Amino acid sequence: MKLLKPAWIGEDGKPLYSIDIHPDGTRFATGGQGDDSGQIVVWNMAPVRSESDEKNEKVPKILCTMTNHLGCVNCVRWSHEGGMLASGADDGLVMIWEHRASQLQFGSAEVWSCSYILKRHEKDVLDLAWSPDDSKLATCSIDNTIRIWDAQNLPDLLATVIGHDGHVKGVTWDPVGKYLASQSVDKTVKIWRTSDWKEETTIRGPFEGCGETTYVLRLSWSPDGQTVVSAHALNNQGPVAKIIQRDGWNHGDDFVGHRKAVEVVKFNPRLLTRNGPVSMYSCCAVGSRDRSLSIWLTSLKRPLVVTHDIFKQSIIDLSWNSSGYELMLCSLDGTVAYIEFTQDELGRPITNDEKDDFFIENYGYAVGKDGGGGQKLIENPDILGLQLPSSLTKTTTTALSQPIQAAASQNSVAPPSQPPPPPPPPATAFSASSFSGTVKGIAVASSTHQNSPVKEKQKETKTKDGRRRITPVALGMRSITGSPAPSNQTGNVGQSRAPVESKVESAASTTPSAISIKISNVKLGRPKGSLATKRKKDAVGSPAPKKPKNGKITSSFSERSGSEGSVSVSLTSTTGISLPPSRLETIKSLQISSPSGETVTLEVRNSALAGRIHRLSCRKGEQVQWETCIGSRCIAIAGSRNLAAVACENKTIHTFTSNGKRLFPGLVLPSLVSILQCFGYYMMAITIGGQLFVWNSKQKSVVIKGESLGPILKTGTALSLTKVQLTEEGIPIVSLSNQTSCAFDSSLGTWILLQDASDSAKSSASIHSYISGLDFALGPLASIQGGAELTRRQGVERLQSLDAGHQRLATEAYLESQVASALTLRSSKEYHFWLLAYVKCLTKQGIERKLRDICLELAGPPTPVLGRKGRTHDSFILGFLKHDLLKELLSIMASNSSLQRLISEIHEQIQ
């Protein structure tokens, strides 16, 4: 064993609260306190392992430093595949970092940029953990909750687990994937089912006498899934790490010997052996407030190693290398230690095949990233029978008719209350449930299954230690009426983690928070009768109809793919609005670029022959991910990372998930689609009759239903649409040729005016002095108002003839309108920018009444509302913590001494 402390880590003396080694072993991350914010540092592992690399000035020690967190960083954890780093801090935020090889900055060997910010926690985040397959992320906080995030569709929240009565200070995943364990200062360890996020059991006894003496309670699950080892527990008033057995959740054993409370426990990720897989065991490291570390092998009754006084303060976190032979630990004194073991000391890590065999025998399937099948736990043996490979089904169903076989080959069954599992690789091992004890898995091959009869009873045997082993009845014949194994669908449109956008043409948009489509020369027709009486049919591509009495409408517009085209239409509607229908040729593609550089292509192929089916497909590169057929000719296509949509000549819209699963039956609209857009889970359609629809595909609900563009497109005028965009919050924005822009507010049920060229308040306002020094925020509001060009125009005093009082009122009204517009659009960065400018204006003018209203709204009630039920004050606004935002405003208001009483009053209220 080799133990060393790199002197170049912790030179600043600032405390460290977390450490984690990257899965590939080339780097490690630490989290702690920086100069004026939280700090994450990614370190090079080579100088730690090698003295020559440590002395080599060409070998960097620090690869990257991130200081985005506003509070101390309490936990950092790499995903199992190593592509992402998650961090949690005192600011209540969880940040997801990804490597950016193309954005190398001066002074940094690597660049890790923040891709997502998860904002649902209300207070400090103390611990987090990735699920074994990296599909989920669990985070816990002193707000007494555990949040489960969808790591494949960030920043989506899957569940909020509520049940602890105190700060939750540690979480760990069951490597089998069936449970999540958490430990809290309420003196309990709780086991949660991942199928429904309900409580499986609560362990209280070993923790009843524990005081709140630890900063964290980082528990750990053994790599074989058999035990959970808790942090701070007591046995005869002595501090121990409690061993909780999976079988019945018994907790009679401990790791003992520490003089003070145990802060952190960490299992070696590898199962070890000395005499082959028959004698497998685990290795566990235990760190304590007494500054000592103990290393335990589950095959021994005493610790393998005990080290004392490595640090000056408590051991706060531990991390094993994926090889199983390296361990790093950090302390509150700001230093780290590195320990390297040998095979003679720990044993030999078992191979992936041996690990798979162990999990198949004990849980019914292979688990994890190290070569496991990655299948979800099967809770019911009936489902096992429905998941046999299609090759087995064919050999046992030769007497079935061809239509039945065809129908069965297109269905798949997933475990109840589980998210859909990723397609498993070909294997002969199938999942089995663990009933009352350990259930032995079964392995079926097509050659043996074909001739094996169904047994009358289950076979029961007993091992030397008295445990029951039950071999389930073979259920292969039941798949005759069921479904074969899930089809091997591989990529999908939504695989990229960061939001992706369609390549569209935009008039002035420079923001990534909205998708835009540019239209020009769209005239309005006067109705003289119903739409049905003015045309023979709605088919696009048919010969141009005759010119109606009210005149022919000619329009030139660009589709979402950016290609130009012109169409002559003569359509009228009862609303008095006539927009050109969307138009597609025989083949149309929509490409979306992901942050990784991969391209996902949605493609429509319309058949040239009448009565033939039309195809919609999704490709990643040259590989077809999924394909389906549409019964009517497609006229528009749109997509996002979460869904795909096509509009057809029969006035329907068909929607599909990123995996090609149909979301709804065809949505029937009152007329043909003119504009179709998707952003995230939202889909927007505008018909040729000027009716607006917006749907939320995730909630399967309508956001805006058939609202008319009539109030903003006034009949009889020469107005035309110049740009239509859908924001990431599902809010539609329509810009007109008269430089007016409106958004529809579904909560108010009306159109909201965002931009008006004839607004005298805007033209008279002088905002340059209030926005100087602020970082201009790009968003949907800036995209329709001209972006940064707005600030340059407003810096010029254009109306020198105006008196000071008039200009002051105009400036105040304009800034107030900007704040309200950003809030309506739910644009957080723009809301923050304009709120600061508005408060600067009010402070300079000393308008205390309006400042008081703003402060009281952010401060909330004078006394905190206890408990979650009946809580009326939301602590966040557009992702900002209200009290933090209020402190920023108070610092601005402090420049006016006449406001000191108001500042003191508000400051006392939020303390």
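1. A word on the ground rules before the details. This is a predicted model, in which local features need pLDDT of at least 70 and side-chain atom pairs count only at pLDDT 80 or more, while totals for chains, interfaces and linings use all residues. Residues are numbered from 1 along each chain as its sequence is written, and side-chain values use heavy atoms, with hydrogens and water left out.

2. An open sheet of 4 strands runs in the order β1-β29-β28-β27, and its pairing is antiparallel. Its edge strands, each pairing on one side only, are β1 (2-4) and β27. From one strand to the next, the twist averages 15°. Helices (H or I, at least four residues) and strands (E, at least two) are DSSP runs, numbered from the N terminus, and two strands pair if DSSP finds at least two bridges between them. Axes are lines fitted to C-alpha atoms, for helices over the stretch in contact, and angles run from 0 to 180 degrees between N-to-C directions.

3. Within that sheet, β1 pairs with strand β29 (residues 336-340) over 3 bridges in the antiparallel sense. Leucine 3 has isoleucine 339 of β29 as its bridge partner.

4. Strand β27 also takes part in a salt bridge. Aspartate 317 and arginine 77 meet through their side chains, at 3.0 Å from N to O. Because aspartate 317 lies in strand β27 (residues 315-320) and arginine 77 in strand β6 (residues 73-78), the pair ties together parts that are 240 residues apart in sequence. Across the whole structure, a search finds 29 salt bridges, the term being used for a side-chain nitrogen of Lys or Arg within 4 Å of a carboxyl oxygen of Asp or Glu.

5. Two backbone details are worth a look in your viewer. Asparagine 144 has a phi near 75°, a positive value in a residue other than glycine, and is placed in the loop between β11 (136-141) and β12. A cis peptide bond, with omega about 5°, joins leucine 154 and proline 155. Proline 155 sits in the loop between β12 (145-150) and β13 (157-162). As background, most residues other than glycine have a negative phi, and most peptide bonds are trans.

6. Further along comes another open sheet, with 4 strands in the order β46-β47-β48-β49 and antiparallel pairing. Here β46 (673-679) and β49 (701-708) are the edge strands, each pairing on one side only. On average, and with direction ignored, neighbouring strands of this sheet are turned by 10° against each other. Strand β48 (residues 691-696) is joined to β49 by 5 bridges, the two running antiparallel. Opposite leucine 692 stands glutamate 707 in β49.

7. Next, the helices. Helix α14 (residues 804-824) and helix α15 (residues 828-845) have axes that come within 9 Å and cross at roughly 155°. That makes α14 roughly antiparallel to α15, since angles under 35 degrees count as roughly parallel, over 145 as roughly antiparallel, 65 to 115 as roughly perpendicular and the rest as oblique. Their crossing is left-handed, which says that the near helix is turned anticlockwise from the far one by less than a right angle (clockwise would be right-handed).

8. The contact (heavy atoms within 4.5 Å) includes Tyr814, Leu815 and Val819 of α14 and Tyr831, Trp834 and Leu835 of α15. By class, the contact of α14 with α15 has 12 nonpolar, 3 polar and 4 charged residues. Ala, Val, Leu, Ile, Met, Phe, Trp, Tyr, Cys and Pro count as nonpolar, Asp, Glu, Lys and Arg as charged, and the others, Gly among them, as polar.

9. Helix α16 (residues 848-859) packs with helix α17 (residues 882-893) at an angle of about 155°, their axes 8 Å apart, so α16 and α17 are roughly antiparallel. This crossing is left-handed. Among the residues that meet are Leu851, Ile854 and Leu858 in α16 and Leu885, Leu886 and Leu889 in α17. The contact of α16 with α17 has 10 nonpolar, 1 polar and 2 charged residues.

10. Helix α16 has a further partner: its axis and that of helix α18 (residues 900-910) come within 11 Å and cross at roughly 5°. The two helices α16 and α18 are therefore roughly parallel. Residues in this contact include Glu848, Leu851 and Arg852 in α16 and Leu902, Glu905 and Ile906 in α18. Its class count is 7 nonpolar, 1 polar and 3 charged residues.
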